[in-house]
Amino acid sequence: MPQRSGPTLVAAAALVMVAFAANSVLARLALAVGHADALAFTAVRLASGAVVLGGLVAARRGRIGGDGVSAAALLVYAAAFSLAYLALPAGTGALVLFGAVQATMIGWGVATGERLRAVQTAGLALALAGLVVLVAPGVGAPPLGAAVLMAVAGAAWGVYSLRGRTSTDATAATAGNFLRAAPVAVGLALVATGTGHGDLDGAGVALAVASGAVTSGLGYAAWYAVLPHLRATTASVAQLSVPLLAALGGAAVLGEQPGLRVAGAAVLTLGGIALVVWRR
């Protein structure tokens, strides 16, 4: 499909980035305030996403795709994402998530024979240094356990993205993966409810549905529609905006203040990743 850019395409891509950033804000709003437990939020998010994506595929009379391994990666991502946001601010979580996604995908490229140029190697070193600065002990450091969980979420999403590269219909594949992952997530949430850790209230349900149906389901479908028309570097660099947008959303909605440590780590991490993907 031809690659092109224009005001409409740029606006659509920007809207998708806002939706991706909103996932962090919605999760943090539901989990930090106590409207939902992490596993319950994950279950409702995946179930509502499955309904929307399955409906989109059915509306065009398509066939559900996906596979069990990709569905497992999706489940690990969604569960670790929610558990991490019990403690991480929205912008910090998005930064760790995005850094881990890119590190996983770049690392796979290197492991399978891709060679980095000097500028790319320097960029990767900068990005890793940024993440080290972020989680190093000291004033302003995020909880290490939560940061590790978000890194796991990012690695799982990186695996999911790598597996999705060969899909001929990304929306159908994503619908199938949501449909496979959602029942497992619901089962885990029901088990957790019996231990007092799977609860959510009406606001929690609404936030999880918004995250699953709108910013995940419709967001992913829109991204897959836009992606074939974007140059690879344009698509990669566009995603650099997500942690910044999440931080702005966290500040506006939750009153979170990132601080100098997070700002410095963001400059190193996102700047380093920009060097790598720009040369790619």
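**Inside the model**

Analyst: Happy to. In the largest nonpolar core, which has 65 residues, the members that touch the most others are Phe41, Leu46, Leu74, Tyr77, Phe81, Tyr85 and Met150. Helix 1 (residues 7-32) brings the largest share of this core, with 10 residues. Please keep in mind that this is a predicted model.

Searching the whole structure gives one cavity of 30 Å³ or more, and the largest cavity holds about 60 Å³. Helix 4 (90-111), helix 5 (118-135) and helix 11 (259-279) are the elements that each give two or more residues to its lining. Helix 5 contributes the most, five residues. Among the lining residues are Gln102, Ile106, Leu124, Leu128, Leu131, Ile273 and Val276. By class, this lining has eight nonpolar and four polar residues, and no charged ones.

Helix 4 and helix 11 turn up again at the second largest pocket, where they and helix 10 (241-254) each supply at least two lining residues. This pocket has a volume of about 150 Å³, and helix 11 gives the largest share of its lining, five residues. The lining includes Gly91, Leu95, Pro243, Leu244, Val262 and Leu270. Nine of its residues are nonpolar, two are polar and none is charged.

For charged pairs, there are three salt bridges in the whole structure. Arg28 and Glu256 form one of them, with N and O 3.1 Å apart. This pair joins helix 1 to the loop between helix 10 and helix 11, across 228 residues of the chain. Both Arg28 and Glu256 are buried.

Another salt bridge pairs Arg60 with Asp169 at 2.4 Å, N to O. Arg60 sits in the loop between helix 2 (38-59) and helix 3 (68-84), while Asp169 lies in the loop between helix 6 (144-164) and helix 7 (170-193), 109 residues away. Arg60 has a relative accessible area of 43%, so it counts as partly exposed; Asp169, at 29%, is partly exposed too.

The remaining pair is Arg163 and Asp67, whose closest N and O atoms are 2.9 Å apart. Arg163 is partly exposed at 36% relative accessibility, and Asp67 is partly exposed at 26%.

Methods: Residues are numbered from 1 along each chain as its sequence is written. This is a predicted model: local features need pLDDT of at least 70, side-chain atom pairs count only at pLDDT 80 or more; totals for chains, interfaces and linings use all residues. Side-chain values use heavy atoms; hydrogens and water are left out. A nonpolar core is a set of buried Ala, Val, Leu, Ile, Met, Phe, Trp, Tyr and Cys residues joined through side-chain atoms within 4.5 Å. Buried means under 20% relative accessible area, exposed over 50%, partly exposed in between (1.4 Å probe, protein chains only). Helices (H or I, at least four residues) and strands (E, at least two) are DSSP runs, numbered from the N terminus. On a 1 Å grid over the protein atoms alone, a cavity is a set of points where a 1.4 Å probe fits but cannot get out, and a pocket is an open set with protein on both sides within 12 Å along at least five of seven lines; lining residues have an atom within 4 Å of a point. Grid points are joined across faces, edges and corners, and a volume is the space filled by probe spheres set on the points. Ala, Val, Leu, Ile, Met, Phe, Trp, Tyr, Cys and Pro count as nonpolar, Asp, Glu, Lys and Arg as charged, and the others, Gly among them, as polar. A salt bridge is a side-chain nitrogen of Lys or Arg within 4 Å of a carboxyl oxygen of Asp or Glu.
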